[in-house]
Amino acid sequence: MSTVPAAPRAPRRREGLRALLWLSPWLTGFAAFFLYPLAATVYFSFHRYDLFTLEFVGLDNYRYLLADERALVAIGNTLWLVAFMVPAQVLFALGLAWLVTRLKAGAGLVRTAFYLPSLIPTVAGTVAFVFLLNPATGPMNQFLELFGITGPDWFGDEDWAKPSLTLLGMWGAGNTMVIFLAALLDVPKHLYEAAALDGAGAWRQFRSVTLPTISPVLLFSAVTGVIYALQYFTQAMIAARVASGSTDSPGSSFVPGYPEMSTLTLPQWLFQMGFRDFSMGYACVLALLLFAASMVFTLILLRRFRALEEAV
């Protein structure tokens, strides 16, 4: 009985080297811009480092995290944004996209009106939004007064600060709306026709046809939204600074979180510790916490969406 001779090792080795050669640009970038920074962050997290001196302190930075009240508040605020702002943005963008697909006239005007805020630079858009919600002169509170409603101090009240940031996020959800719009328009029409013939109503068609078809886009929006919320920095910093009237004049120092640390997020506290107080070792611990949280939330979302797809 004849046997097939094994393939020589030399060609296989050449193929492997050729593959590594083609992958070398990506591998080089991955090692230089991900593996090395991650390893350096882990290394510095065990040290007291202020850019000039390096002292090994073991787990002291990690122990200090558990006793740092501001860090715990920042973690709570960041988790609040993940739990409330991300679903609000995704649902609002999906609702807008669905509305545009149902409009018989003026769809282009509505799409443009809701997409334009996402084109405004982040800082300028945040400043404009804070002035729109100004409790004394802002048009929002003046509009509410027409109905006898006294508007809140949106960014000046600790109970309203995070909901106001959520409204700011929904105001700039134009990019997500466009992605959802493309996904909705790509759903095959014959699936809706088949569902209608089976007696499915609008809600049943949306649940059994639309959602399973656009589930990859939903997953993408949820994952990117969570990562964005975990890295939430600029809008919260600018809104707090404008609402508090603080400036970086000589002799003054703005501490993020106005009012009453309600807008303090973990990236802001990381920035404060690393680049204002120069506690680089402790800042590395906060950075690792953000990295771990991003990985955990991403894995949870991936498993959740996979379970939903199998259930459907």
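Me: How many aromatic pairs does a search of the whole structure find?
Reply: The search finds 16 aromatic pairs; rings of Phe, Tyr and Trp (its six-membered ring) pair if their centres lie within 6.5 Å. This is a predicted model, where local features need pLDDT of at least 70 and side-chain atom pairs count only at pLDDT 80 or more, while totals for chains, interfaces and linings use all residues. Residues are numbered from 1 along each chain as its sequence is written, and side-chain values use heavy atoms, leaving out hydrogens and water.

Me: Why is the pair of tryptophan 80 and phenylalanine 84 called tilted?
Reply: Their planes are 35° apart, with 4.8 Å centre to centre. Planes under 30 degrees apart count as stacked, over 60 as edge-to-face and the rest as tilted, so this pair is tilted.

Me: Why is phenylalanine 147 called exposed, and what is phenylalanine 143 called?
Reply: Buried means under 20% relative accessible area, exposed over 50%, and partly exposed in between (1.4 Å probe, protein chains only). Phenylalanine 147 has 58%, so it is exposed. Phenylalanine 143 has 47%, so it counts as partly exposed.

Me: How do you know that the charged end of lysine 162 sits over the ring of tryptophan 80?
Reply: The rule asks for NZ of Lys or CZ of Arg within 6 Å of the ring centre and within 35 degrees of the ring normal. The charged end of lysine 162 is 5.9 Å from the centre and is listed as sitting over the ring.
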